[in-house]
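Q: Can you walk me through this one? I have not looked at it before.
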Amino acid sequence: MFSTLARSRAHFLLLLLFPAFVCSREEALFASSVTYCQPPDTLLIQQFDIIFFPANQTVSFNISAASVNPNVNVTANLLLNVYGMNPVNFTLDLCSVLNGALCPLPTYNFVGADSIKLPDSLGVSDKIPGIAFKIPDLEGFAQLTLTEIGTGDVKACIQATLSNGWSAHQSAVEWVTASFALAAFLSAFFHSLFPESLTPFRFLDLFYLYQAIATSAFLNINYPSLYRAFTLNFAWAVGLVSPTSSSSLQSSIDAMRHHTGGGLPNSTSSSAVGFVNRKLSPYNQPEDSLTISPLSLVPRGATSAFGDFLGALSNTNIRVTEVTRPGGFSLKTNLAMQPAVQGEVQTVTAGSSNVLEAGIPIYANSIHIGTANAFTTTFIVSLIVLVVVVAVLGLGYAVALAIRRSRTRKGKETGFDYFSFVQSWCVRLGLIFLLPLLVLAFYQWTLKDSWLSILLSVITFLGLLVLLAYPPYLIFGLVRKSKDPYELYSLSPPTYLTSLGPLYAKYRPERYYVFLTLLIVPFLKAIFISFANPSGLAQVILLFVTEFAVLGLQIGLRPDRTKGGYILNTYLGVTRLVATGLLISFVERTAVKAIPRTVIGVIIAIIWAVAVVILILDLVIYHILFPLWQIL
């Protein structure tokens with residue numbers, strides 16, 4: 001019965017972890033973000049919502065733009081980049097179409113929303129492969145460059161990232177993984193009444209796995225968009241909770257930073273993809289590869305196709321007004337997608353200050369958390385969790401006190417030490433937040449932003465030092481005093497099993513000291529992620545060596561108390577090692593092409609997803625259903 005149940009649950013969980021592969025919808029491509037790739041001079045954009053439906057070869061659009069400089073003769077270069085390849089890249093002299101109506105470029109406001117059918121002569125379907133409409137987190141962008149004839153000056157440069165609506169980042173996955181974590185916590189809370197139970201350790205293992213997935217996207221390497229989106233499903237496990245539309249948390253943090261010397265960009269509700277460094281996914285372009293050659297003119301025959309397109313466009317619902325500067329428009333889009341322009345269109349160049357680099361900046365901003373807000377967000381979330389846990393433990397103390405008084409009246413004594421129970425959960429809470437708080441606290445120091453954020457990170461680090469130093473001091477002190485590690489597992493007072501057991505109780509007495517890896521490894525990872533950030537290659541190598549050493553200790557020392565625990569922890573160690581090793585393909589120096597990188601990203605995501613499913617199944621079957629089965 002359990003094998004059938006396990007198979008059905010595994011299938012269900014995989015569908016939840018990869019919902020983009022099991023749903024169906026109308027195929028489409030649309031602009032997901034719009035930015036200027038040069039400071040705007042001739043062409044200004046206020047709204048740019050456009051979507052292409054391949055089924056009927058139609059384009060729906062809602063555009064508000066303005067040409068503001070008179071007497072400008074330009075050529076238009078259109079470049080379409082998909083996974084680092086350019087299926088479309090041509091330059092058209094606008095003076096050669098429509099009998100010179102676009103030469104010089106008219107000073108017009110263009111306002112329009114309509115749907116048009118593309119002429120067959122454009123051959124759009126032949127240039128866009130069918131997989132572009134299906135693969136999640138498509139890596140592609142279109143660039144329009146207007147270059148003045150004669151001078152070669154760039155008068156306008158606009159980039160729009162492309163999306164098909166599919167993504168590996170799904171709110172359903174976040175809710176499902178969080179729900180299983182909550183169920184694991186409730187089970188662990190009950191089983192923690194019994195010091196030798198392994199259920200609380202499986203709860204910690206689940207959180208460690210979630211955090212390993214999330215922090216694997218913190219490195220300074222060129223992640224495929226699909227893999228980064230997958231890891232965002234677990235951002236909540238490191239305290240990076242995406243703000244809701246009604247939340248004022250990020251704006252409050254922004255205000256706090258700016259009142260205490262912070263100068264880095266604020267959080268924003270707009271898409272972060274438009275600010276990504278152009279060398280990285282989804283752009284996949286070296287810094288000098290976007291230079292437009294004035295000689296790459298459109299081939300003969302394409303001019304007539306372009307004319308067919310303009311002819312179709314002329315029959316649409318467009319208002320054209322002669323102006324010198326664009327006025328304010330209030331347009332309602334009829335497209336079922338997020339507006340590509342939210343607020344003012346930003347200029348993003350290689351030297352601009354708003355460029356998002358690989359690692360924590362792109363990761364945090366992808367869920368609308370500013371780079372400088374990452375630590376403070378996790379710090380506040382950890383405080384909220386701490387308050388909730390203290391409230392629950394306070395309520396538990398009231399219940400325990402009432403039970404104790406009731407038993408005392410009946411002449412019975414209770415041997416339950418509630419204070420040790422509270423200590424044990426404080427240790428577990430510290431273990432859960434150790435890695436994310438250390439990583440983001442150290443990273444905050446490298447930003448040199450708000451002095452208050454730095455002060456909070458220093459206080460947090462000093463608090464975590466207590467967890468890193470004091471419990472090991474007590475544990476080794478007892479062993480040194482008794483000269484017998486078995487004393488750590490004794491229930492006779494004084495005992496550390498009920499208070500500090502979350503550190504070492506899952507290990508054999510002879511291998512109790514292996515608990516140090518739970519404290520040292522997060523500390524080392526935080527140092528490597530934060531302070532080795534200038535070199536992605538160094539980060540990957542250092543983390544791989546760390547995981548290799550941890551796995552070597554696991555296999556060589558066999559520290560687990562049970563055979564099942566040894567097999568599970570060895571499997572999780574192999575998973576972390578393999579996933580970390582494959583990250584080498586994302587290092588820019590390896591120069592792996594975009595499509596192979598994406599395939600490797602899918603493989604790593606599947607490796608993580610299988611591990612999550614196996615660990616959740618272990619928790620559900622052996623630590624929730626099986627105990628209930630025995631009770632019933």
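A short chat about the model follows.

Q: What kind of model is it, and how are residues numbered?
A: It is a predicted model: local features need pLDDT of at least 70, side-chain atom pairs count only at pLDDT 80 or more, and totals for chains, interfaces and linings use all residues. Residues are numbered from 1 along each chain as its sequence is written, and side-chain values use heavy atoms, with hydrogens and water left out.

Q: How many helices and strands does the chain have?
A: There are 16 helices and nine strands. Both are DSSP runs numbered from the N terminus: helices are H or I with at least four residues, strands are E with at least two.

Q: How much of the chain is buried?
A: Buried residues make up 50% of the 632 residues. Buried means under 20% relative accessible area, exposed means over 50%, and partly exposed is in between (1.4 Å probe, protein chains only).

Q: Which residues have the most contacts inside the largest nonpolar core?
A: Phe218, Tyr227, Phe230, Leu240, Tyr504, Leu583 and Trp608. That core has 120 residues. Helix α10 (residues 418-447) gives the most to this core, with 18 residues. A nonpolar core is a set of buried Ala, Val, Leu, Ile, Met, Phe, Trp, Tyr and Cys residues joined through side-chain atoms within 4.5 Å.

Q: What does tryptophan 608 contact?
A: Leaving aside neighbours within four places in sequence, tryptophan 608 is in contact with Leu209, Ala212, Ile213, Ser216, Tyr227, Phe230, Thr575, Arg576 and Ala579. Contact means heavy atoms within 4.5 Å.

Q: And what is in the second core?
A: The second core is separate and has 20 residues, including Ile45, Leu92, Leu94 and Ile158.

Q: Switching to helix packing. At what angle do α4 and α15 pack?
A: About 5 degrees, with their axes 12 Å apart. Helix α4 covers residues 199-215 and helix α15 covers residues 563-582. Axes are lines fitted to C-alpha atoms, for helices over the stretch in contact, and angles run from 0 to 180 degrees between N-to-C directions.

Q: So what do you call that arrangement of α4 and α15?
A: Roughly parallel. Angles under 35 degrees count that way, over 145 as roughly antiparallel, 65 to 115 as roughly perpendicular and the rest as oblique.

Q: Which residues meet there?
A: Arg202, Asp205, Leu209 and Ala212 in α4 meet Gly565, Leu568, Asn569, Leu572 and Arg576 in α15.

Q: Where is lysine 506, and is it buried or exposed?
A: Lysine 506 is in the loop between α12 (501-504) and α13 (516-531). Lysine 506 counts as buried because its relative accessibility is 9%. Not counting residues up to four places away in sequence, lysine 506 touches Leu198, Phe201, Asp205, Pro559, Asp560, Arg561 and Asn569.

Q: How many disulfides are there?
A: A search of the whole structure finds one. The disulfide joins cysteine 37 to cysteine 157, S to S 1.8 Å. The definition is a pair of cysteine sulfur atoms within 2.5 Å.

Q: Where do those two cysteines sit?
A: Cysteine 37 lies in the loop between β1 (29-36) and β2 (43-53), and cysteine 157 in strand β8 (residues 154-163). The pair therefore ties together parts that are 120 residues apart in sequence. Cysteine 37 is buried at 10% relative accessibility, and cysteine 157 is buried at 6%.

Q: Which hand does the link have?
A: Left-handed, with -90 degrees about the S-S bond.
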